[in-house]
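This report examines a single protein model, moving from individual residues to the elements that surround them. Please keep the sequence and the structure in view while reading.

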Amino acid sequence: RECSQCRGMFYVSRIGVVCRGSFLSRAISAMSGVLTVPIKVGDKLPSVDVYEGNPGCKVNIQELFSKRGILFAVPGAFTPGCSQTHLPGYVSGFEQLKAKNIDVVACVAVNDPFVMEAWGESAGAKGKIRMLADTCADFTKAIGMELDLTSKLGSIRSKRYSMLIEDGVVKELMIEPSGTGLTCSLFDSVLKKL
């Protein structure tokens with residue numbers, strides 16, 4: 001049979017569904033609590049809902065990025081590196097991204113939608129950067145980017161990364177080596193990849 005998410009082949013065995021493609025194997029791992037393999041260049045984004053603005057406004061990541069876009073993730077809204085460097089770079093460089101035919105730019109974090117909305121407003125992101133809340137880290141876990149920051153931020157969060165996506169497929173992926181650093185996932189680094 002064919003997996004509807006990754007178009008890879010899968011089969012049903014005595015131990016469950018096994019997918020040779022990337023999406024279903026990551027999704028099964030995320031549901032079972034097993035360590036997942038991070039998404040990679042060439043993979044299709046999973047069909048996972050996140051929230052924008054409030055808990056009633058669901059946004060499907062796969063549908064949002066059915067065009068050309070940039071998705072970047074931060075460990076937490078209002079944290080120093082995220083607020084002073086990461087998000088402001090994308091806000092101030094938004095017009096440069098549009099000039100490079102980027103249709104959508106979104107920031108995702110494991111936070112609630114109210115916090116993400118307030119953070120976006122305080123950073124001047126409105127009308128530029130889509131501020132997405134991955135409330136339970138479902139998307140983050142589905143792509144293998146979870147980072148245990150319970151001792152510092154109280155919960156599982158996302159590694160810091162950025163990706164160029166075209167028609168739902170990852171074309172470039174820049175993951176911070178430490179998961180939290182501020183180097184390859186910043187606006188200037190992404191702009192050079194376009």
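Asn 60 touches Ser 47, Val 48 and Asp 49, when residues up to four places away in sequence are not counted; contact here means heavy atoms within 4.5 Å. With the side chain of Asp 49, the side chain of Asn 60 also makes a polar contact at 3.2 Å. A polar contact is a pair of N or O atoms within 3.5 Å; within protein, one must be able to donate a hydrogen and the other to accept it, and residues adjacent in sequence count only if both atoms are side-chain atoms. Asn 60 belongs to strand β4 (residues 58–60), and at 11% relative accessibility it counts as buried. Buried means under 20% relative accessible area, exposed over 50%, and partly exposed in between (1.4 Å probe, protein chains only).

The model is predicted: local features need pLDDT of at least 70, side-chain atom pairs count only at pLDDT 80 or more, and totals for chains, interfaces and linings use all residues. Residues are numbered from 1 along each chain as its sequence is written, and side-chain values use heavy atoms, with hydrogens and water left out.

**Overall composition**

The protein has eight helices and eleven strands. These elements are DSSP runs numbered from the N terminus, helices being H or I with at least four residues and strands E with at least two. Of the 194 residues, 48% count as buried. Among contacts with a separation of 6 or more, 57% come from residues 24 or more positions apart. The protein exposes about 9300 Å², of which carbon and sulfur atoms supply 52%; accessible areas come from the Shrake-Rupley method with a 1.4 Å probe, and for residues only the protein chains shown count as cover.

Strands β6 (residues 104–109) and β7 run parallel and are joined by five bridges; two strands pair if DSSP finds at least two bridges between them. Val 105 has Ile 129 as its bridge partner in β7. From β6 the chain crosses through helix α5 (residues 113–122) to β7, and this β-α-β crossover is right-handed. That term applies if, with the strands pointing away from the viewer, the path from the first strand over the helix to the second runs clockwise. Four of the five residues of β7 (residues 129–133) are buried, so this strand is largely enclosed by the rest of the structure.

In helix α5, the buried residues are Pro 113, Met 116, Trp 119 and Gly 120. Seen down the axis of α5, its buried residues fall within an arc of 125°, so they line one face of the helix; the arc is that of the directions from the helix axis to the C-beta atoms. Their cover includes β3 (49–51), α3 (80–92), β6 and β7. At the N-terminal end, Asp 112 caps α5, with a side-chain oxygen 2.9 Å from the backbone nitrogen of Phe 114. Gly 124, which follows α5, has a positive phi near 75°.

Ser 83 lies in helix α3. Phe 78, Pro 88 and Trp 119 are touched by Ser 83, not counting residues up to four places away in sequence. The C-alpha atoms of Ser 83 and Gly 120 are separated by 9.6 Å, although the two are 37 residues apart along the chain.

**Accessibility of selected residues**

| Residue | Relative accessible area | Class |
|---|---|---|
| Ser 158 | 1% | buried |
| Ala 137 | 3% | buried |
| Ile 165 | 0% | buried |
| Ser 83 | 26% | partly exposed |
| Asp 167 | 61% | exposed |

Ser 158 is part of strand β9 (residues 156–158). Leaving aside neighbours within four places in sequence, the contacts of Ser 158 include Ala 73, Val 110, Thr 140 and Leu 147.

Ile 165 sits in strand β10 and touches residues including Leu 45, Phe 65 and Leu 71. From C-alpha to C-alpha, Ile 165 and Lys 44 are 8.9 Å apart in space and 121 residues apart in sequence.

Most residues other than glycine have a negative phi. Ala 137 has a positive phi near 65° and is placed in the loop between β7 and α6 (138–142). Asp 167 likewise has a positive phi, near 50°, in the loop between β10 (161–166) and β11 (169–175).
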